[in-house]
Every structure is written in structure tokens, then in C-alpha cells.
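Me: Got a multi-chain model open and I'd like to walk through it with you. Can you take my questions as they come?

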Amino acid sequence: MRELIEHLTPRYSLGAPVFQRPGLTFVDVKRDKLRALLLDLRDKHGFTHLVLLTAVDWLEEGRFQLTYLLNNRAADQTLGLRLYLDRANPMGDTIHDIWPTAATYQRELREMFGIAFPGSPRVDEEFILEGWTDMPPYRRDFDTLAYSQQTFVERGGRETHEPRATMKHKLYPEG
Amino acid sequence: MFSFQPDRSQYPDIGPDGKFEIDLETGKFLKLWQGPNHPGITGNMSVELTVNGDEVVEGKTHVGYLHRGFEKLMERRTFIQVFPIVCRVCVPEPDFNEYCYAAAVEELAGIETPEKAKWIRALILEMGRFNSYMMSIGGIGGALGNGIVGQWLTYVRDLMLDRFEELTGARIYHMFILPGGVRAGLPEGFEGRMEEVLATAERYLDDTEKLLFTNAVFKKRTKGVGYIDPALFESYGVTGPNARAGGVAKDVRKDSPYLVYDQLDFDVPVEHDSDIWARATVRYRDLRVTIDLLRQILAKMPKTGEVMTSLPNVLHWKIPRGETYIKGESSRGEYGYYLVTDGSGYPRRVNVRGPSYTHAMALLEHLIPGTNIADVAALMVSLHTYPPEIER
Amino acid sequence: MKDIDKSFKKDTETDFPLREEMRPRKVTTPDGQVIDIDPLQDYFCQEPPKVHRKSYSAIVEGFYNWARANSLWILGFGTGCGAIEMRPLMTPRFDAYRYGIQWRPTPRQSNLLVISGYLSVKTLKRAIRAYEQMPQPKYVVGLGSCTINGGMYWDSYNTIKKLDEYLPVDLYIAGCMPRPEALLAGLMDLKKLIRKGEAEGANRYAENFDWYKANQKSVIKDWDMPDYSW
Amino acid sequence: MGSLRDVLSPFTAWKHVIETPVTLKNPIGREAADRYRGFHQNDTEKCIGCGSCETICQNAAIDMVPVDDPKEGDSGLRPQIDYGRCCWCALCVDVCMTGSLTMSNEYTWVDTDPDAFRFIPGVDEKPWDAIAKGYQRPGERMLSGLTRPEMMEMEPEARIDNFDEIVAGYSREQAVLEADRCVECGLCVATCPVHMDIPDYIAAIREGDYDLGTQILYETNPFSEVCGRVCTHKCETVCAAQYEGEPIAIRWLKRHIIDNVSEERRLEIVGTPQVLPTGRKVAIVGAGPAGLTTAYDLARQGHAVTVYEAQDHAGGMMRYGIPEYRLPYDALDRDIAVIRAQGVEIKTGVRIGSDITLAQLKADNDAVVLGIGLHMGRSTRVPGSDAPGVEAAIDLLRRITAGEEVPVPKKVAVIGGGNVAMDIARSMARLQKQKYGAVGVTVTALEDFAHFLADKEEVTESIEEGIEILDARGPQEMVTFKSGKRKGEVKGLRTWKVISIFDDQGRFAPQYDEADEIVHEAEMVVEAIGQMADVSLLGDELTEALQWNRGRIAVDADGHTSEPWLWAGGDSVHGPDVIHAVADGHKLAASVSAMLAAKAEVAK
């Protein structure tokens with residue numbers, strides 16, 4: 001794996017690799033090099049299996065991380081490509097023509113993170129949610145508990161007591 | 001023999017690309033929803049079919065009926081609090097969630113799993129595979145008019161659920177594979193009772209073979225139907241038995257051995273026709289392998305040893321920043337967890353890669369056009385998809 | 001458990017537009033006629049449900065209830081996880097059929113809707129339609145924690161927490177998920193209720209129809225169906 | 001395809017017609033497996049209401065509800081479980097600190113009322129309460145640590161000939177490991193006399209935020225460095241972790257925080273009073289923990305505080321009673337420096353009663369607070385107890401600290417089984433080692449080892465250092481030289497075996513086995529059986545005027561004596577204990593402050 005990364009790094013200006021364990025490596029890529037790199041990996045280096053495509057929201061850093069996880073079955077190697085997108089206007093490049101199944105992932109990312117993938121088939125159709133008008137729910141600034149409390153009714157009549165405060169209150173009422 | 005050719009004289013014209021131009025308002029097409037409330041659907045999902053006569057010209061998979069937002073819920077839970085909810089991601093075979101999550105946490109937190117726990121984990125995973133295949137083969141039988149197979153195999157599955165219950169303390173959601181090991185060792189006399197179940201299973205499988213796999217009707221309806229071109233496997237992310245039915249011996253247990261699979265002796269069954277028949281057969285054969293594996297695991301498992309390592313205080317357990325991907329071979333293909341941590345007490349992101357995600361979406365939509373409406377159910381069942389792992 | 005973000009405010013402004021195919025429009029039929037259609041008016045009956053009156057004679061009503069109790073036909077709609085424990089019930093080991101319980105593929109033939117656990121908003125919509133399509137008298141059983149108070153999805157943005165807010169529930173069975181034995185016990189209890197004439201959920205639904213509808217519409221934004229679809 | 005076999009073979013299924021049905025005859029109520037995770041049970045006697053189950057529950061299914069009044073180490077709360085939330089994962093059982101929470105293998109609960117599915121296991125009666133089968137945690141808890149990290153200590157050989165501090169304190173790694181074990185239940189907070197926010201400062205250690213930790217410590221205790229070393233740690237006796245495994249080393253963690261903040265930084269964090277001077281004056285007699293805590297609090301509120309101390313250095317019993325190997329003087333000095341930085345004036349070497357009269361103090365100040373401590377040793381009053389060579393432990397300790405010459409004979413006998421007895425025994429052992437290279441100390445305690453008053457580690461360490469400890473021995477006589485040059489001086493201690501200490505009514509009435517007599521050879525016998533206050537400073541008139549309670553000055557709940565201008569607290573009123581003295585100090589300061597505020601109100 002190290003040789004492959006060394007070989008690819010200058011060509012696709014990859015970032016510093018993380019060798020998570022034998023058989024699993026993560027490396028940063030640039031958006032303009034992604035497509036060529038994916039094709040190269042698929043066609044020349046045996047990374048024919050797109051394991052998954054997903055995103056991580058680094059809210060504090062103001063960016064989304066797209067993770068393209070590719071697998072080379074013969075060599076038992078998995079390579080994670082990390083691509084960072086600006087969180088304010090997230091726009092990815094569709095790869096459904098390289099792996100048709102990527103269209104599903106991109107549809108999900110569009111719906112759950114609000115990342116646009118222009119050109120991906122049916123990318124704007126509802127996928128999992130129905131009648132959703134709020135912000136994409138997988139974004140970190142979407143608070144699921146707050147949304148739930150503001151939307152659904154809970155069964156009332158429950159009250160809890162914190163041991164520390166209760167004891168303080170009962171044993172030392174004067175404080 | 002008799003031959004029946006439907007009258008297609010009033011069919012709409014075929015467009016220049018060889019496909020129908022679908023316009024519902026011409027009255028030539030009918031939109032038909034298969035699911036979510038439908039006996040011929042694999043769980044709570046639906047396929048929006050556009051039919052022309054009895055031929056399906058377009059199919060769109062609709063999921064999300066079971067969406068609970070697991071990946072979001074996990075981000076608000078501490079690492080131990082995620083443990084009870086992961087298994088709910090896949091109802092019929094929950095244990096892969098537990099294993100993948102536990103292994104991912106262990107890797108990022110630097111925790112060693114005791115040797116015996118690895119064997120018990122493998123045992124649990126194979127028991128889960130056993131159950132899943134039982135449901136799958138029963139389902140294929142049911143979808144093609146052989147409900148009795150479903151009746152038999154559900155009974156056998158229930159016997160295995162009894163073993164699950166005495167080992168893990170629960171029937172469906174076992175919540176047994178904690179990060180750091182497993183909750184307990186085997187109960188007294190477990191091996192003997194397991195052997196009884198396996199023997200019963202083998203008896204019923206012999207009957208199933210006679211009823212289903214040497215059955216003219218079943219053969220007629222499955223051979224050559226629902227063919228997936230093996231050349232498309234990589235494009236559509238086909239893994240597991242669906243790939244093995246097309247001559248590709250993909251199996252994470254062999255390709256990238258985890259737990260104790262490198263110490264077990266087994267072959268991966270492969271079929272070549274890549275149709276419903278091949279997919280059913282490869283599962284049937286794999287189920288036999290699973291039964292053998294269960295026996296091997298129980299025989300080779302160390303009799304003594306710890307099953308759980310002491311964890312740091314889980315109430316404020318923090319894991320350093322990192323990311324990893326853990327996979328295993330479930331009964332439907334590659335099951336994986338992508339876990340990202342950020343140094344806090346909560347996972348930054350968990351992504352579940354369920355094999356049904358690719359099989360039920362892009363692949364199914366690709367396969368449906370051109371099939372007979374009566375075969376859609378069989379096609380879906382043969383892909384062996386579980387909707388909750390698609391939408392999570 | 002992470003703390004709640006108190007500053008988060010749900011978007012209550014945006015309405016979800018009615019789907020294209022549900023809007024009133026002009027359509028050219030295959031034979032060339034141009035007609036106006038309004039799917040929500042044309043395709044469904046708008047009549048709200050009525051309270052199912054009891055028979056004038058207590059003996060006759062008792063006989064009806066005996067008959068109803070002994071033919072519980074469950075709609076085979078697996079709305080959530082709990083559906084997986086229905087399979088053992090349908091099959092020889094637990095064999096619910098001997099108690100007069102069986103599963104039907106369509107709401108038109110069923111009188112018992114089992115909500116097998118959590119309901120996502122998307123499934124709630126289907127469950128309501130399935131329930132309304134069932135002929136009276138009809139019953140609802142809530143399976144497991146999720147139907148009682150949200151269960152483990154208590155903080156999920158996509159599942160309802162209190163089933164009785166949206167559908168009239170006659171009986172709850174605790175568990176996550178309840179075992180087939182518990183399910184059977186629950187169904188036996190339901191039978192007793194029906195024989196006593198106390199399983200009146202469907203009438204509650206008819207009496208408080210507006211309240212149920214308002215609750216349903218408050219969570220289902222994409223309301224593309226008629227108010228009542230029997 | 002389509003062979004005859006394929007047509008006929010399916011018919012073999014007919015053979016099942018004659019097989020025995022697999023149907024369960026009566027499935028309802030079928031017993032679940034032995035390990036089945038069914039409905040909850042709680043042994044409410046064992047449960048301490050720590051709320052760990054509530055914390056770990058990811059379904060928010062558990063509420064802690066009051067079922068009883070709080071007691072020491074028991075919040076009186078018990079978990080109520082909502083079966084509209086529960087998922088039966090049993091993490092609550094796994095995390096339970098006492099092992100009280102378990103699960104039965106019962107699983108059937110059907111109800112028409114959705115509000116019914118809530119109950120308090122063990123309190124609300126349920127049919128499954130008595131079921132023994134079900135899920136119990138196998139072995140001890142695995143979800144939080146059981147044992148303390150090993151504390152680095154000086155080896156007995158290395159420590160016995162000097163007064164260097166024995167305990168090294170935790171390293172960062174050890175402290176984090178230990179802090180990690182805390183479940184933050186807060187049961188300790190109530191037990192601590194000053195209610196330190198123990199879980200919070202332990203959390204600060206985990207986070208590595210020692211500044212925050214120091215701030216939390218100073219909110220309740222200006223003697224954190226002292227208490228981090230010598231506190232009697234009542235908190236550890238109620239710690240939820242003690243039921244399986246060892247209690248959290250709260251005292252050592254407190255010390256760890258202070259050890260990691262420099263003196264200058266500590267002064268910065270604590271700062272100086274942020275209020276305008278009130279112009280009110282308070283005099284405090286005795287610069288011990290009670291007096292100085294009062295001074296600290298009052299000074300922080302802007303009052304002018306002067307502390308009068310008879311000894312040459314401030315600190316009181318913390319300096320003159322506790323040996324240096326347990327509490328180094330510079331540690332104490334750092335705590336006192338912070339108090340001085342608040343503007344507190346400490347006048348040492350001034351003995352009230354002789355140098356300045358109490359009446360004078362009363363005249364010059366708005367209030368006077370007594371924190372005079374227990375500086376007089378009690379005597380056994382056995383024959384010979386006034387002979388030369390018989391010493392009071394408390395006096396001897398003071399002289400060692402003050403650097404005065406103390407006689408160091410080769411053989412010393414100590415009477416007493418408390419911490420003071422251990423302190424003097426170990427101090428003498430060090431001096432002996434320095435002088436002769438050998439230890440010759442025998443401690444004779446009235447109690448047997450099972451009921452020893454001294455801390456366990458004190459006893460262990462004493463024995464490690466070569467001190468002989470004899471339990472259940474009652475002193476009968478100081479044996480003296482009957483003739484010769486040293487006539488009248490002590491040459492030994494005669495003791496009898498103790499059979500019982502208290503009578504049936506619980507009164508002190510020791511019974512001895514006279515046949516079991518030992519004469520311990522000793523040129524010095526030290527009495528360490530208790531201390532009393534030296535109240536001579538009050539003068540006859542005031543002594544007469546004040547109310548008394550069994551030899552101690554009577555005070556109300558706020559430490560106010562029967563004289564409106566006089567408060568008293570600390571050891572002299574409530575018995576010897578640093579942390580109690582600090583608590584007393586806070587109480588005194590609050591009461592004095594309230595009085596001063598009322599005065600100011602009247603003045604307006």
C-alpha cells in the first residue's frame with residue numbers, strides 16, 4: 001500500500017496518508033484530481049469495489065468531508081479518499097458514471113447533508129424522508145431531540161431528581 | 001406442450017432507445033405500488049412499478065418507511081450508549097451491527113478483545129447467518145408458492161432463537177457483543193442443545209431440498225429469471241451470495257479474515273448462472289457450510305478464558321480522533337461500519353454500510369424493467385434485502 | 001447523552017407543496033376527451049367515519065362480540081421491528097391460527113391492525129390509510145415500548161412517540177420487542193376486551209375524528225391524501 | 001429440467017403428515033431462558049440511589065424518584081423505569097454500582113392504559129419480584145474501574161530515619177485513571193462536612209484543567225492542600241464505588257490538583273477580595289483550620305480580620321499535631337499564604353489571656369471568634385502517670401515541631417490506639433532511628449484490631465516501620481525505678497489484656513484478664529488517649545458567664561456562644577478533625593457576617 005500511495009501522491013497531489021491498520025488507509029485528495037484518481041484506481045490498481053460514499057460534517061471547521069471508500073479485493077486493501085467541501089456551499093462531483101450505485105449514495109447525501117451533486121440521476125428526488133422542510137437532518141447543527149420535542153407529543157408525568165441536588169436540598173435546606 | 005403468447009398488438013410504441021416512452025396519461029401504462037403493505041415485499045419498503053400489460057417497464061425503489069435516523073441518534077449518544085441501538089439497524093440479522101461497531105470502537109480506543117470472546121462472537125455471527133438464511137430460503141419458497149418451506153424453516157429458526165436466548169438473554173436483539181468482548185460465556189450444556197438444533201435443521205433442509213430444489217415448478221420459475229450480468233457486479237456494488245451466485249467467490253470471511261475465520265476450515269460455495277435459482281442454491285449451500293462452521297466453532301473454541309476486558313469508565317469514555325472501517329460477511333454480503341471519532345465522548349459520525357443498500361436500490365431498479373409482474377416478488381426475495389439497513 | 005441544543009428552532013414556516021399528481025388539472029383521456037380531475041375529490045370518499053352502533057339486544061351484541069373475538073384477522077403490514085416476531089406466530093410452533101387469529105394481505109379483509117413498534121412519519125401515513133380502509137369493528141394493538149412513549153427512538157426526528165395521539169389504541173404489549181408468547185397473551189386479552197364489548201377504539205376514532213386528524217396533520221407535512229379514505 | 005424426479009420429489013413433503021406436530025401446546029407464559037433479560041427487579045435495601053442507571057440509560061427510560069429520606073451514602077431515590085422507553089439492553093444492570101438492579105426472566109405485561117407502564121422496581125409490587133432467574137451481571141462490574149492505581153510511597157527503610165513526606169502523590173496518568181472511575185453520583189458531596197464539589201473537581205482532573213479544579217476546591221475549602229493529605233475523608237466511606245472494588249481515592253485526587261498548580265498560579269486563581277472594606281473588625285483566637293477558615297471567609301467579604309496565635313507559627317494542630325512526614329510544613333504554609341493574601345493579619349506568639357486579655361479584644365472588635373483547639377493531653381491517671389518520663393503525646397508532638405529538644409530513649413511505650421498514638425509512635429521511631437539506628441516503640445491500645453480507631457494505613461505503615469503494636473491492652477501502672485540514681489523515673493508500663501471495653505449499657509467500663517499481664521520495658525511512656533481544650537484564656541468571669549456543655553463551650557448551630565460578641569468553633573467545640581474545623585469556620589464566618597450585616601443595617 002505504501003508503494004501505491006508513494007506512486008500516486010505526486011501525480012494526484014495527495015495529502016499525508018494515515019495507515020489505520022494493515023489493509024486500511026486514508027488519504028486526502030483534492031477535488032479537481034478526484035475523478036482521474038478514481039478512474040486510475042479502478043482501472044489500473046484493482047480498486048474496483050466502491051464500498052461506500054458518505055460525508056462527515058466538521059461543523060467547527062466549516063467543511064464537509066466526503067469519504068470514498070474503495071476496496072481491492074485481491075490485495076485485501078481498502079483505501080479511503082477524503083475530500084473536503086466548503087460547508088457554506090457544498091457541491092460534489094457525481095461519479096455515477098464510474099459506479100452507477102454511487103447515484104444512491106449521492107441522493108442520500110443530497111437529502112441528509114444537503115450536498116449537491118449536479119448531474120447525478122434523480123438526485124433531487126426524495127429518498128428516505130417524506131415531506132421534509134427543515135434543514136438536512138444529518139448536519140451537525142440540526143438537533144434531533146429539539147426537533148422531536150417541537151414536533152411530537154411525549155407522554156407526560158415524568159420527573160427525575162438528581163441525587164446530589166436532592167440530598168443537598170433535603171439534608172441542608174439552608175444551603 | 002402448450003405455449004401461450006400474450007396479445008401485444010395494442011402495446012405502445014417503443015422509443016428510439018429501445019425503451020417505452022412512459023406517459024401515464026396515455027392509458028397504456030399503469031402505476032402499481034408493490035408495498036409497503038403487500039405480501040410480496042421484503043419488509044416495510046415499496047417498489048413503484050410501471051407496468052404495461054404484465055410486463056414491468058420501470059421500477060423505483062422507495063425506502064424510508066423504517067428510517068429512525070440511527071446515524072444521527074448515535075451522534076448524541078456516548079460510545080456505550082450506542083451499543084444498544086446498533087442492533088436495531090438490521091432486524092433479522094442484528095449481530096453484525098454489534099460486532100462491527102464493537103470492533104470499530106475497540107480499534108480506535110486501542111482495546112484488545114480476549115481470545116475466547118472472538119470465538120463467541122464468531123459463534124453468534126454464524127448463528128445469526130443461520131437464522132437469516134432460514135428466513136431467506138423460506139421467503140424464496142413463500143414467494144414462489146411453496147409456503148410450507150417457510151413454515152418449516154421458520155420453525156427451525158425459532159429453535160435457533162431458543163439457543164440465542166439461552167446464550168445471550170434475548171431472542172431477536174441480542175445486545176451481547178459489547179465493546180471489549182461479549183457479555184458472558186456459554187451456558188452449561190450449550191453444545192449438546194446446539195447439536196440437536198443443527199440435526200433438526202439438517203433434517204428439514206433435506207426435506208427442503210426435495211420440495212424446493214428438486215421441484216419442476218420452482219426450477220421453471222427461477223432458472224434464467226432475474227439474471228445479473230457478473231460484469232455489473234462491481235458497478236453495482238454486488239457482494240455476498242448475490243455475487244457468489246454469479247461465479248465471483250467474494251466472501252469477506254476468506255478475502256479478509258476477521259475474528260477466528262482463519263482458524264476455521266471451510267469452502268465458499270459458488271454458483272455460476274447468476275439467476276434466482278443460482279442465488280437460492282448458493283444460499284442453501286452456504287447454509288450447510290454455516291451448520292458445519294457452527295460445529296467447528298463449538299469444537300475448537302477454548303474452554304476457558306476471559307470473555308470481557310475491563311473497560312474504562314464508560315460514563316465518560318472518550319476516544320481520540322480517528323476513523324476506521326470494519327466489515328464482515330453477513331448473509332447478504334459485505335456489512336460494514338465506518339466510524340469517525342473526534343476526541344469527544346460521542347462518535348462524530350457512524351455510517352452503516354448495509355449490503356441491501358446497493359442491492360435493493362440501484363441494482364433492483366436496474367433489474368426490474370422487462371420482468372414479469374409475477375416475478376418481481378421472487379426477484380426481490382432472491383436479492384435478499386432487509387430494508388432497515390438501507391435507510392437506517 | 002449529549003445535551004439538547006436549546007437554540008435550535010424547527011422550521012415552522014415552510015409548507016410542503018402538494019404533489020404534482022394530486023393537484024387538480026385537465027387530462028386528455030385515451031379517446032381524446034379533455035376532462036377536469038381533482039384527485040383528492042374524485043378518487044376518494046370524503047365522508048367521515050361513523051360510530052358503530054351497538055345492537056339493540058344485549059344477547060345479540062354478546063353473540064356479535066363472541067364472533068368478533070374469535071376471528072381476529074390481522075393486517076399483514078409489518079410497520080416496524082416487531083413484525084419479525086409475527087412470523088413465529090404464523091408458523092407451526094406458536095400457531096396463532098388455532099386461536100382464530102390469522103393474517104390477511106389487505107386492510108379490506110382485516111379487523112386488527114398491529115403497530116409493530118415505532119412508526120416513522122412516512123409509515124404513519126400508510127398506517128392511517130390502512131387503518132381507515134379496514135372495515136368496522138376494528139382494533140389497534142400497540143407493540144412494544146415505541147408505541148407507548150417513543151421507546152429507544154425517543155429523540156428521533158422521524159418517529160412518533162405516542163401512538164394514541166394518532167390512532168385509537170385498544171391494547172399495549174410491553175417489550176422490545178415483545179416475544180411471540182407475550183403477543184399471544186396480549187391477543188388473548190384483546191379477545192376478552194372484545195367479548196366484554198370494551199374494545200371501542202374505532203368508535204373513539206369516529207367520535208374524536210377532528211382531534212385525530214389535527215394530530216396526524218401536525219406531523220405529516222406531505223398530506224397528499226383525503227381526510228378519510230375508507 | 002422437468003425430469004420425472006423433479007415432479008415427484010416434492011410429494012415427499014407429505015410424510016410430515018404423520019410426524020408429531022411441533023406446536024407448543026400452551027405457549028402463553030412459557031418460561032424464558034435462565035439468562036433472559038426480562039422485567040426489572042431492584043433490591044432496594046442494597047440500592048443507594050446513585051443514579052448511574054439513569055445516566056447510562058440511552059433511552060431516558062429511568063427517573064430517580066424519592067421513596068425515602070436521604071441517609072448517609074443513600075440519596076433516598078430509587079429508579080423508576082418507563083417501559084414506554086426501555087429496550088432491555090441491561091446496561092443499567094451492568095453499570096449498577098451495588099449490584100442491586102437485576103432483571104427477572106418474566107416478559108408478559110399487557111395493559112389497555114399506556115400510562116401504566118411505569119414502575120419503581122422493588123417498591124411497586126410486581127408479580128416477578130421473587131423470580132430468581134433472569135439476567136444478573138456475571139461477576140463484578142466491567143463498565144468502570146474497580147481498583148485504585150498503586151500509590152507511590154517511600155519504602156519503610158527509606159522513610160524511617162527522616163521526616164520526609166511518605167506519599168508521593170499521583171502522577172498525571174495515575175490521577176486520570178483514578179478520576180476515570182468516578183461515576184459522578186455526588187453522594188460524597190452530602191457527606192463531606194464542607195460539601196466540596198467532589199465530582200466536579202474530579203472531572204476537572206480528567207479534563208486536565210487544574211485551574212478549574214483549584215477554583216472548585218477554593219469555593220468550599222481554603223485548606224485543600226492540607227486536606228488533600230490528612231483529611232479523614234468521610235466522602236470515601238460513602239463512595240458508590242466501594243460496594244464492588246475500592247472507593248475513589250478522593251483525598252489523593254484533591255492533593256493531585258493542588259500539587260499541579262504553582263503557588264503563584266494559585267494566588268492568581270483565588271485572587272483577593274473583590275468587595276470594598278466594610279470597616280468592621282473581627283478578632284480570631286487561634287490560627288488553626290477553624291480560625292483561619294473563618295478569617296478567610298470574613299476577609300473575602302471585606303472585613304478586617306486579625307488572627308492571634310500563641311505559637312510561633314500559624315497552623316494550629318495542623319502544624320503542631322500532625323507530623324511532618326504526613327503533612328510537610330511548606331504545604332501548610334502555602335495554604336496559609338493564600339489566606340494571608342486576602343488581607344488577614346496573623347499575629348503569632350501572642351497568647352490571649354496573658355499577652356492581651358479577651359476583654360481587650362472584645363473592646364477593640366465587632367466580634368471575637370475562638371478557635372483554640374485541643375492542646376492539652378488527657379492523662380490515664382494510672383499509678384505513676386505523673387512520674388518523670390511520662391509524656392503527653394500532643395505536647396511531645398508540639399515540641400518536635402517547634403524544634404525543641406525532646407528526650408529520645410531507646411525504649412518507648414505509647415498508650416492509645418488512635419491516629420495521635422500512631423503519630424507520636426512513628427515520630428519517636430524516626431528520632432530513635434536517627435539517634436540509635438534502631439526502632440524501639442511499643443504501642444498498646446485498648447481496642448482490638450477489629451475495632452481500631454486509627455486509620456488502617458497508619459497501622460500498616462507503623463508496623464512496616466518496625467513499631468510493635470499490641471491490641472487490647474489496658475494500662476495499669478507506669479512502673480518506676482524504685483531506687484538508684486533514677487529513682488522515681490519511669491522504667492516500664494504494665495498492662496492487662498482487655499476482655500471488653502464497654503458494659504451492657506454502652507458505658508466505658510473496661511474488663512481485664514488479670515492473668516495476662518505484660519510489663520513493657522520503656523524509659524518513656526507516652527499517653528495518647530485524647531486531648532482537651534485549654535480554656536484558661538477565658539478568665540474566671542467569662543467562664544462563669546458562659547454556658548457549658550460537658551466541659552466544652554456550649555454553642556448554637558451557628559457557633560454562637562451565649563455571649564453575643566463571642567463565637568467558638570473547631571476542635572475545642574466539636575472534637576478533633578480538620579475538615580470539620582473548616583466546616584465550622586465557614587459556619588462561624590456566615591454567622592458573624594450576618595451579625596455584622598445586621599449591625600450595618602441598624603447603623604444606616
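Predicted model: local features only at pLDDT ≥ 70, side-chain atom pairs only at ≥ 80, totals over all residues.

Me: Let's begin with chain C. How many helices and strands does chain C have?

Reply: Chain C comes to 8 helices and 7 strands. Along the principal axes, its C-alpha atoms fill a box of roughly 55 × 55 × 35 Å.

Me: And what share of the residues in chain C is buried?

Reply: Of the 230 residues in chain C, 48% are buried. As for contacts in chain C with a separation of 6 or more, 77% of them are between residues 24 or more positions apart.

Me: Staying with chain D, how is it divided into domains?

Reply: Domain 1 covers 21-143, domain 2 covers 159-269, domain 3 is 275-375 + 533-603, and domain 4 is 377-531.

Me: How many residues of domains 3 and 4 of chain D are in contact?

Reply: 9 residues of domain 3 of chain D are in contact with 9 residues of domain 4 of chain D. The domain 3 side of that contact divides into 5 nonpolar, 2 polar and 2 charged residues. Taken over C-alpha atoms, the centres of these two domains of chain D are separated by 32 Å.

Me: Switching to helix α7 in chain D. Which of its residues are buried?

Reply: In α7(D), residues 198-207, the buried ones are Ile198(D), Pro199(D), Tyr201(D), Ile202(D), Ala204(D) and Ile205(D).

Me: Why would residues three or four places apart point the same way?

Reply: An α-helix has 3.6 residues a turn, so residues at that spacing point the same way.

Me: Nice. What do the buried residues of α7(D) pack against?

Reply: They pack against α5 (172-180), α6 (187-191), α8 (210-220), α10 (234-238) and α11 (250-259), which belong to chain D as well. After α7(D) comes Gly208(D), with a positive phi near 75 degrees.

Me: On to chain B. At what angle do α4(B) and α12(B) pack?

Reply: α4(B), residues 115-143, and α12(B), residues 376-383, pack at about 170 degrees, with axes 9 Å apart. Angles over 145 count as roughly antiparallel, and therefore that is what these two helices are to each other.

Me: Which residues meet there, in α4(B) and α12(B)?

Reply: From α4(B), Gly139(B), Ile140(B) and Ala143(B) meet Ala377(B), Ala378(B), Val381(B) and Ser382(B) of α12(B). That contact divides into 5 nonpolar, 2 polar and no charged residues.

Me: Last one: what's the strand order in the open sheet of chain B?

Reply: The order is β4-β5-β6 in chain B, an open sheet of 3 strands with antiparallel pairing. β4 (322-330) and β6 (347-353) of chain B stand at the edges with a single partner strand each, so one side of each has no neighbour in the sheet. On average, neighbouring strands of this sheet are turned by 10 degrees against each other, direction ignored.

Me: And how many bridges pair β4(B) with β5(B)?

Reply: 9 bridges, in the antiparallel sense, with β5 of chain B covering residues 333-341. Within that strand, Tyr335(B) is the bridge partner of Gly328(B).

Definitions and conventions:
Residues numbered from 1 in each chain as written. Chains lettered and ligands numbered in written order. Buried ≥ 20, exposed ≤ 12 C-beta atoms within 10 Å, placed from the backbone. Helix = DSSP H or I, 4+ residues; strand = E, 2+ residues; numbered from the N terminus. Contact = placed C-beta atoms within 7 Å. Axes fitted to C-alpha atoms, helices over the stretch in contact; angles between N-to-C directions. Parallel < 35°, antiparallel > 145°, perpendicular 65-115°, else oblique. Nonpolar A, V, L, I, M, F, W, Y, C, P; charged D, E, K, R; others polar. Pairing = 2+ DSSP bridges. Domains from an automatic or database assignment.
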